[in-house]
Amino acid sequence: MVPAFFLLQSLLLGQAASSAVDQPDTAERPAAVTPNGHAILPGEPGSTQDKRIAGILPNYRTSDSTIPFAPLTVGQKWKIATKDTFDYPSYVLAAAFAGISQLDNSNPEFGQGLKGYAKRYAAGIADQDLGNFMTEAIYPTLLHEDPRYFRKVTGSVKSRLAWSVERIVVTKTDSGGSQFNFSEWVGNGTVAAIGNVYYSGERGFGSTMQRMFTQVGTDAISDVLKEFWPDIKKKWLHKKGATSNAD
C-alpha cells in the first residue's frame, strides 16, 4: 500500500505547488478555542478546516500557526487518531492500493489470488491504523507532544513548503513550545518494527528502516498537502464561480 500511496500524494503535491498562491485566504482559519479553553478540531462546530482533503484524505489534525495556541486534551489526541484511522475513504484507498501492489507483485511472499490480495490489504490496514495511533495518540500522550500539523498560512510558496516539510522534524509540545518530533520518528519506527511480524519477506534492520523512512516521507508530503489545500480549494471555487458567472 505504501508505495502507491506515496505516488498518489506526490501527484497531489505537484498540483499543490503549481496552484498555491503567495497570499492565501486567511479566512480559512478556525476559531481558536472552545468555551472550556481547548482546541477546536476540524469537522467540529466553529472550525472552518475541512475534515478531508479533496474529500478523500483525512485532515483531522490540522490547525493554523497564526491563531493563539490552544492545547489538546489526552482525549482529543485519541479522538484525532480514531477519526484519522476509521475515516471510511482511507479503507477504500487501502483496497485500491492493495490491488496495485498485487499487480506489481509487491511482497511476493503474500502470493496472488484472493488470498494474496487479502494479505496485502490486511498489511496495509495494519500499517495505516497502527501508524495513526502511534504517532497521533500513544506517543504524543506519553511524550506530551501535540500531534497536529500547524499551517504556516502566510508567506511565499517556498517558505511554506519548507515549513511543512520541517514539521516532520519539529513539533509543538503540550505547553506550546517546540522540540524534536519524537512521536513521528519513534512512532513510525515502532510500526516498522511491528511490521516484521507480517512482512515475512522483508525482515531485518534494513527493511525495517526502509519502511520507517517511507512512512515518514509519506507524512511529510501529507503535511505539504495540509498546508496548501485551502489555497487549492479557493482557486478551484474561484474558477468554478467565474465559469458560472460567464454562463
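Predicted model: local features only at pLDDT ≥ 70, side-chain atom pairs only at ≥ 80, totals over all residues.
**A walk around the pocket**

Now switch to the cartoon view. You'll find 7 helices and 6 strands. Trace them along the sequence and the pattern reads α-β-β-β-α-α-α-β-α-β-β-α-α. What share of the contacts between residues at least 6 apart in sequence join residues at least 24 apart? That's 69%.

The accessible surface comes to about 11,600 Å², and carbon and sulfur atoms account for 65% of that.

Time to go looking for gaps. Rolling a probe the size of a water molecule over the atoms shows where empty space is left. The largest pocket here has a volume of about 720 Å³. To find its centre, select Arg61, Asn132, Glu136, Asp219 and Ser222, the lining residues that lie nearest to it. In total, 42 residues line this pocket.

- helix 1 (2–19), helix 3 (88–104) and helix 4 (113–143)
- helix 6 (182–194) and helix 7 (205–246)
- strand 2 (57–58), strand 4 (149–151) and strand 5 (170–172)

Last stop: colour the lining of the largest pocket by residue type. You'll get 15 nonpolar, 14 polar and 13 charged residues.

How values were computed: Residues numbered from 1 in each chain as written. Heavy atoms only, no water. 1 Å grid on protein atoms, 1.4 Å probe; cavity = no way out; pocket = protein on both sides within 12 Å on 5 of 7 lines; lining within 4 Å. Points joined across faces, edges and corners; volume = space filled by probe spheres on them. Helix = DSSP H or I, 4+ residues; strand = E, 2+ residues; numbered from the N terminus. Nonpolar A, V, L, I, M, F, W, Y, C, P; charged D, E, K, R; others polar. Contact = heavy atoms within 4.5 Å. Areas by Shrake-Rupley, 256 points an atom, 1.4 Å probe, with all protein chains shown as cover.
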